[in-house]
Every structure is written in structure tokens, then in C-alpha cells.
Amino acid sequence: MAFDGIVIANIVNELRQTLMGGRINKIAQPEKDELILTIKGSARDPYKLLLSADASLPLAYLTENNKSNPMTAPNFCMLLRKHLASARILDISQPGLERIINFKLEHLDELGDVRIKFLIIELMGKHSNIIFCDEDMKIIDSIKRVNLFVSSVREVLPGRDYFIPETRKKYDPLTLDQNTFLETVLQKPMPLSKAIYTSLTGISPLIANELCCRASLDASLSAASVGEAAGLHLFRNLERLMEDVKEARFTPNIVTLNGSPVEFASVTLSCYKNHEIQPYDSVSAMLEKYYAKKTALSRIHQKSADLRKILSNAIDRESKKYDLQLKQLKDTEKRDKFKVYGELITAYGYGLEPGAKELKAVNYYTDKEITIPLDPTLAPMENAKHYFEKYNKLKRTYEALSELVQDTADDLTHLESIRAALDIASEEDDLTDLKRELMEYGYIKKKYTGKKQGNMKVKAKKVTGKSKPLHYVSSDGYSIYIGKNNFQNDALTFKFAEGGDWWFHAKKIAGSHVIVKAGGSELPDRTFEEAARLAAYYSSARDAEKVEIDYTLKKNVKKPNGGKPGFVVYYTNYSMVASTDISGIEQIK
């Protein structure tokens, strides 16, 4: 995520094309660090400009979305309304390649005289701010007031002069000359990419890496070790990039991997070769799409935190129980030895003298002599009985534990499948289904309504989600459906799919059921490969490069009696190794 000087330059260029000459019609402050300006021009419907100085997410872009406003407008909002109601936008600029947007505004004061004001948004992470200045660049107020106790570099308070703080010596890449680049930037004893972004204003680590990639240089290489020829080649790439910025040749795009946004930029990123590049006509549309997706994923992750904790605790508990049961089961392996001891004492014990402490006899199962410990206080037949009792006890323990171990293993598999489903949850309905499953199997206590019927508590009504399976279409036009949780897996496999459809699943690991609707025809090899890639991606091994996939006709897949949701058995199948990269497979929303 690189909200750098180049993206700002792209935004400024777009705002100049759309807002220049327009008048501010409305000013709202829906959040404490955020403004929405409605700007009316003659060309079309009003534009909405969002300006956010949020420390974690500073933003500036055009939007069509509305936000609810507080009943009472904050003081800064009221101040702007007083001065800038109907103000006309004279200019929108960016100083150098700084992460700053400067709006020059013209308005009439109380006496009807024309006045100039400046609204400046600084998009600098935790130092982000929206500052309102007069024509002499004296601060009238700001959305965040900063005194000397907060910053020793610059006060942002009414009456102070506005200036851009220079916290470290950086060069403007728009005006940088070749000698300065070679003699200063490339002489730093640090990785090449770091030397670039710490020396040049508005250049982010992402763009620094991109420049290294374009120049075919290792970004981790020491800057001081770069030769003159390679350094000159790098500078030429920087020059070409700055020419694109000067000429406003921007290509806003979002880099995605398997549908998830990874990065955005206003230049083409050649350093992401194995990713999908989604271009946009507008930088505002790019930013809104990117942050909407990121925010949605972040919100789902936050909402699933409680479920993740419950799952993690349950898996830890079941794992410890499973390990203990396996240890106890291993201890029963010596049961057959006690049975043999009892049999050999019964066969050869007649010759033992009273008080004997051991019996040496040939084991007729192995034809080897063994020594059997004896209790000298017991008669031979009593020793034999003692060993038979130990054998029978361990045999009963083995039979009981074998069943318990299998049950615990099934519970662990079930929990792992829920965790895999939680990893691919993208909507609140997905979480509702997973919570319902955890409640039905006792991992979450079921709630009660608080009402009583006689002496009985009434359980709350079962909550069902509206989550739907994922739907993809193969390159050959075949529909592929993917369950997002165990309930959907069962429904897809045993209610939706027909006998001639194909069923895919990651081999011996948690994952989604993948159904390819064959429609009675023979599937092309490419569809098999794409369905396998989807099964690999929607499994607990999605972070691996390759995953082994089992696939078979749906008619070969059976549900065992009493099987947990999503659990199936099959005895006839094919296998293939598939990539977890699902780029290029079309998803139907």
C-alpha cells in the first residue's frame, strides 16, 4: 500500500480536470479527522471530495458514497462553512512530489470583498492533517491542532505561519540531476531500494523496488556497491518515470493475487509478474475500490476474532487429549506379551519349585527362549491367572481407546475444516454459518431466550445464515461451485450435484468441496486443471505452491452414517498435483 507522491500527483491531476472553477456547495465532517466537500460545477452533477487525515488511513479522492453526519457540526467544520461557503476553486497543486494537496480558494468576506484562502491536506501517516490558511499562509485553524508538546518540528496552531517541515534532507526527484543521484543517493551504505526512498521526496518503498526491477538490479544490493554504468541505467529509469509524472501519463491499477488486493499504484508495476493487474480509468475509483475491499476484509477478520479464539482453544484441547490417548494406546501394545506369559506358565509351570522367581521357557510362537518374571508368593497357576487378568484389562482398554482415538481424530478434522472455512470467510453471513456449526457441536454454548415454559428454559431460535457457495466459470464455460463451510459442502455434494458431476477435494487435509457441473458431457483437461487449482486454493494448504488433489465422479462420494458435516468417504478416485494460483479463473459474483 503506497499512498506516495506519485499517487498524489495522479489525484491532483484528476482533481484539476474535474474541480477547477467549481464552487464548494456543502461542507461536512462525518468523522473527527475527515471532511466531505460537495463541489458544484457547470458540467455535471456535484462532485463529492473526501479528505481524510486519519493517522492510519489518510485519503483524498472523489466518491459517490454518502456518510451520515453528526447532529452538531464540529468547530472546524463550522469555521470552514463560515469562510468557504460558495468559495470557488482557483487552483489545485502539489508542492514538488510532496504528499500534500493545496487548494487555492476564492470567496467573499462579510463586507463582500474578494479574499483568498488555502485548504491544505497533508497525507503523511500519523502526521496527516487538514490545515486552513489565509492568503498570507498564516494558519487559521486545522482539523488537528499540534503544539510543541506534540511536535518540536512544527506547531500547527491558529496564528502560526504555515510551512512544510524538512525533517530530513531529501531531493525532489522531479528536478534531481544525474550527478547528485550518483554522488549522494548511490553512495549510501544501505540497501539500494532504501537508499532511493530515504533520499527522494514522494518515493515509496514500492516505487523504489519498482525502479530497481526496471533497471534489473537487486533491491537488497548495497547502494554503494552499484557501479557507475548500473547507477546511470537506474537514473535513466527514474528520469523516465518522472517524465510520466510531469506529462500526467498515469496508469492507476490494483495488483491482486487470487482476487485479494495486494498493492495499488499510479504506474505500471513490473515487479509483480505473477499477479493480476486490474487497471482503472480514475485514480479515485482505484482508491475507493482498494480501500473498500481492504476495509471489508479487515472488518471480517475483526468480527471473526472471537470465533478464531474459540477454535484455537478447542483445537489445542482436542490435540492434547489426542496425544494423551495415543500414549495410553501405545501402553496397551504389551497386552499380547502378558497373554503369552499366561499360556507358557500354564504349559510349563508344573515343574516349577515353590517360591520360584522366574520361568525360562521356549516361546512356541517364536521358537525362542524367554524369561518370565514370577511372584514367588503365588502358585504357578495363580501367576498365570494374574497375567491373563492383565491381558484382559489391557485388551478392554485398547478396544475402548481405539474408538475414543478415532472420535477425537474426527473432532480434530472437523475443527480444522471449520478453521479452513473461517480463513476464506468474506461476508458476515459466512461467520453466522460457522458460529451455528460450532454451537450445534457444543463448542459454543447455545443461548436461551430467558423465557420459561413451566420449569423448562426455552432455547433461542436457530440462526441461519444466507451465505451462498462461491461460483466460478472455467475457461471452457463449465460452472464450478465451491462450498465456503461444511453445511454448504454437504448441500453441494449431496443435494445440488448430480451423479455425473465431478467432485474435487484436497487430499487428506481440510478444504472445500468443489463441484464441476458436467451437464452429461466429458470435461476438457483444462477444466479439470482449473477445478483442481480452486480445490487447492480453498484448502488449509492455500499458502503452499502445490497441493495434491483427489477427484472423482460425485456418484462415488458417500456420506457415512453419523458423519460430521463436510465429512465424506470415497474409494474410487484420481489424483493430481495442482497449483494454488487461481488467477485467470472467472468468478461470478
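Isoleucine 254 lies opposite glutamine 278 of strand 12. Strand 10 (residues 253–257) and strand 12 run antiparallel and are joined by four bridges. Both belong to an open sheet of three strands, ordered 11-10-12, with antiparallel pairing. Strand 11 (260–265) and strand 12 (276–279) are the edge strands, each pairing on one side only. From one strand to the next, the twist averages 30°. Two strands pair if DSSP finds at least two bridges between them; strands (E, at least two residues) and helices (H or I, at least four) are DSSP runs numbered from the N terminus.

This is a predicted model, in which local features need pLDDT of at least 70 and side-chain atom pairs count only at pLDDT 80 or more, while totals for chains, interfaces and linings use all residues. Residues are numbered from 1 along each chain as its sequence is written, and side-chain values use heavy atoms, with hydrogens and water left out.

Helix 8 (residues 305–331) packs with helix 10 (residues 380–424) at an angle of about 155°, the axes being 9 Å apart. Axes are lines fitted to C-alpha atoms, for helices over the stretch in contact, and angles run from 0 to 180 degrees between N-to-C directions. Helix 8 and helix 10 are therefore roughly antiparallel (an angle over 145 degrees). Residues of this contact comprise 17 nonpolar, five polar and eight charged. Here Ala, Val, Leu, Ile, Met, Phe, Trp, Tyr, Cys and Pro count as nonpolar, Asp, Glu, Lys and Arg as charged, and the others, Gly among them, as polar.

The structure has 25 salt bridges, each a side-chain nitrogen of Lys or Arg within 4 Å of a carboxyl oxygen of Asp or Glu.

Relative accessible area is classed as buried under 20%, exposed over 50% and partly exposed in between (1.4 Å probe, protein chains only). Arginine 145 is exposed at 54%, whereas aspartate 141 is buried at 11%. Lysine 330 is exposed at 53%, and glutamate 333 is exposed at 53%. Arginine 533 and glutamate 529 are four residues apart in helix 13 (residues 525–537), so about one helical turn separates them. Arginine 533 is buried at 11%, and glutamate 529 is partly exposed at 33%. Elsewhere, salt bridges with shared partners join Asp109, Arg115 and Glu135 into one network.

Key: Angles under 35 degrees count as roughly parallel, over 145 as roughly antiparallel, 65 to 115 as roughly perpendicular and the rest as oblique.
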